[in-house]
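This report describes a sheet and the helices of one model. The sequence and structure are shown first.

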Amino acid sequence: MTAPVFNPFDPAFRANPYPYYDALRSNDPVHTTAFGMVVLTRYEDVSTTLKSADFSRDIEKYSTQASSEARQARRDRQESRTKSILNLDPPDHTRLRRIVSKSFTPSAMERLRPRIQQLVDKVLDHAQDAGHIELIDDLAFPVPFQVISDLLDMPTDRSVELREWSQIITNSLEPTATDEDLLRSEDAIAQLVPYLTTIIEHRRKHLSDDMLSSLITAEESGEQMTTEELMAFVVLLYIAGHETTVNLIGNGTLALLNNPEQQAIVHNNGLAQSHIDELLRFDGPVQHTVRVPLVPVHYMVDNEQITVQPGTMVLTSLGGANHDPSMFENPNDLQLNRSNSNRHMAFASGIHYCLGASLAKLETEIAVGSLIKRFAQIEIVGTPSWRDRLTIRGVNQLRLSVS
């Protein structure tokens with residue numbers, strides 16, 4: 001048998017990475033790529049790594065790998081730029097997480113339910129009249145984007161530019177990002193920063209009951225959050241806060257339509273929280289996250305110890321962990337009533353567990369649940385296409401006829 005290879009450039013891998021994860025997990029679960037990155041696909045390895053204090057999330061600071069002049073230049077810029085909470089280690093991560101998590105409690109998110117339902121119903125009313133819907137452009141993108149804008153009370157006059165900036169920055173976060181992608185990202189950030197600075201400074205003088213005001217208030221009540229930290233968090237919200245939800249709604253809908261028996265469960269009973277956990281496990285929007293060991297770390301494979309040295313990029317495959325048969329029986333089957341679907345790794349684990357998980361699940365419950373319940377007949381029109389990405393996995397286009 002040919003040794004399994006982790007090749008994210010392969011179009012077949014992009015279309016369906018799960019057979020490749022299965023091959024790696026079975027034959028080379030601690031896989032070293034041709035460019036020196038280590039890829040983990042076993043549930044236990046991924047879980048242990050994400051929870052371990054022996055690893056850093058600050059890739060730019062601790063990774064010994066910089067593959068091009070553009071990447072090295074970006075690394076140098078990142079070192080002088082305020083990092084988002086996503087790329088910080090304790091104690092800075094702990095301090096910022098404590099401030100922002102007050103705004104992301106499940107009860108705070110639940111208060112958004114009527115507004116989300118209103119936005120979704122408006123889209124579905126139009127779809128019902130038209131007899132069709134393009135799920136991503138009509139529903140999966142605009143609803144989460146509007147919810148984030150509502151949360152922060154952001155002006156919507158430049159929403160088209162915000163979306164473009166966010167997608168350009170998201171592309172640059174891919175391990176496969178080209179030097180051109182990195183340069184485009186820097187240009188987007190250069191336009192985004194002054195725009196957000198103006199909004200933050202205006203909000204300081206005109207506080208309201210929105211999330212941005214509450215973060216400013218927390219800062220000025222003794223919890224120190226600088227303008228740069230606020231800006232980094234707002235950027236993260238627009239990127240992580242809607243990109244992941246867009247793809248969860250798209251991937252989840254497609255998974256249900258490809259499994260009519262499971263779709264019928266939702267049509268008859270609605271989309272429960274445990275069902276969303278299974279959609280996340282089955283085809284989650286974030287396929288991996290990277291860590292860098294600070295000390296030599298060890299993994300066991302067939303009674304042999306494999307040591308990974310400090311500075312090595314370690315890619316923990318969330319999608320691989322979510323399809324590990326040692327944790328999930330028949331992992332390649334969608335089973336909404338799976339008893340342990342809440343053990344999924346789709347939102348990562350440990351101190352960097354996704355802050356917006358409850359919001360993403362709420363938006364998915366309403367968007368996907370309302371769509372499936374409302375229409376007895378939903379048919380896929382044409383062939384769905386996938387975004388050309390590795391980290392953020394999502395349907396790019398999903399045309400549906402509805403009645």
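What is the order of the strands in the open sheet? In this predicted model, the sheet has 5 strands in the order β1-β2-β8-β5-β3, and the pairing is mixed.

## Sheet edges and the packed helix

Strands β1 (30-32) and β3 (55-56) form the edges, each pairing on one side only. Helix α3 (residues 43-51) packs on the sheet and touches β1, β2 (38-40), β3, β5 and β8. The direction of α3 makes about 125° with that of β8.

## Partners of β5

Strand β5 (residues 288-293) runs antiparallel to β8 (residues 314-317), and 4 bridges join the two. Within this pair, threonine 289 stands opposite threonine 316, and histidine 288 has serine 317 as its bridge partner.

β5 also pairs with β3, again in the antiparallel sense, over 2 bridges. Here phenylalanine 55 stands opposite proline 293.

## Burial of β5

Is β5 largely enclosed or exposed? Of its 6 residues, 6 are buried, so β5 is largely enclosed by the rest of the structure.

In a regular strand, side chains alternate between the two faces of the sheet. In β5, His288, Val290 and Val292 point one way, while Thr289, Arg291 and Pro293 point the other way; all are buried.

## Helix α10

Helix α10 (residues 142-152) is mostly covered, with 8 of its 11 residues buried. The buried residues are Val143, Pro144, Phe145, Val147, Ile148, Ser149, Leu151 and Leu152. Aspartate 153 follows α10 and has a positive phi, near 55°.

How values were computed. Residues are numbered from 1 along each chain as its sequence is written. This is a predicted model: local features need pLDDT of at least 70, side-chain atom pairs count only at pLDDT 80 or more; totals for chains, interfaces and linings use all residues. Side-chain values use heavy atoms; hydrogens and water are left out. Two strands pair if DSSP finds at least two bridges between them. Contact means heavy atoms within 4.5 Å. Axes are lines fitted to C-alpha atoms, for helices over the stretch in contact, and angles run from 0 to 180 degrees between N-to-C directions. Buried means under 20% relative accessible area, exposed over 50%, partly exposed in between (1.4 Å probe, protein chains only).
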